[in-house]
Amino acid sequence: ADRILGEERSRTALDHAHPDVRVSAVAALARLEAFTTNDLDALLDDESAAVRRRAVEAAAQLIQRSQTTEVIDALVGALTDVDGVAEVAAFALGEFGPDVASVEPAIAALEQMATGHDDPLCRESAVAALGALHRGRAVILAALNDKATVRRRAVLALAPFDGDDVRAALTTALSDRDWQVRQAAEDQVGPPPEPDAKAQSDR
């Protein structure tokens, strides 16, 4: 009974005039595991970006709990929202993992975000999602030429992929100017080779 009452109050609060109250209502529905795909569809039309972002976060929790694919179209649409919403939408899509075939229509949108979005946080989130989905190999490799935060994410996102091109890219990343990129690459392919002692002495 308490759960039902809490859900009813939260749904009533979704219509509150103040966006902070609506954000809290979405959070409460997610906490009660009462957030639905219909809620996501409705809330993505909210005038407040904070409410839309919280709704997408709730959708990510819904995916983690049930792997429902009914939210995919709405989340793909949210990839073109303002930066804070788009970043979380990419993360949410990555929560499906590599075995959900119906997420395939989202791949092109994530690849576009990873290569063309103005905000590096969005590019980073899209690269991470592609890695989680085991898709977008070429785009992830290209992201190794982006800002340091995106390069670090790209190195991690290459973990599911094999091939000479991947190994060559990770080997190059061992000498990246950012130490975290170097460390992430070393975690995958091992430390760079030691300089040849004889070659050093001949110089």
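Which exposed residues does the face of α11 turned away from its buried side carry? Keep in mind that this is a predicted model as you look for them. The residues are D164 and T172.

Now turn to the other side of the helix. Helix α11 runs over residues 164–173, and its buried residues are V166, A169, L170 and A173. These four lie on the same side of α11 because the arc they cover around the axis is only 95°. As for what the buried side meets, the buried residues of α11 pack against α9 (137–142), α10 (148–157) and α12 (179–189).

With that helix in place, let's step back to the whole protein. It has 13 helices and 0 strands. Its radius of gyration is 21 Å, well over the 17 Å that the globule rule gives for 203 residues, so the protein is more spread out than a compact globule. You can see the dimensions in the C-alpha trace, which spans about 80 × 30 × 30 Å along the principal axes.

What about the interior and the contacts? Buried residues account for 45% of the 203 residues. Of the contacts between residues at least 6 apart in sequence, 57% join residues at least 24 apart.

Terms used: Residues numbered from 1 in each chain as written. Predicted model: local features only at pLDDT ≥ 70, side-chain atom pairs only at ≥ 80, totals over all residues. Heavy atoms only, no water. Helix = DSSP H or I, 4+ residues; strand = E, 2+ residues; numbered from the N terminus. Rg over C-alpha atoms; globule rule 2.2 N^0.38 Å. Buried < 20%, exposed > 50% of the residue type's maximum accessible area, 1.4 Å probe, protein only. Contact = heavy atoms within 4.5 Å. Arc of directions from axis to C-beta.
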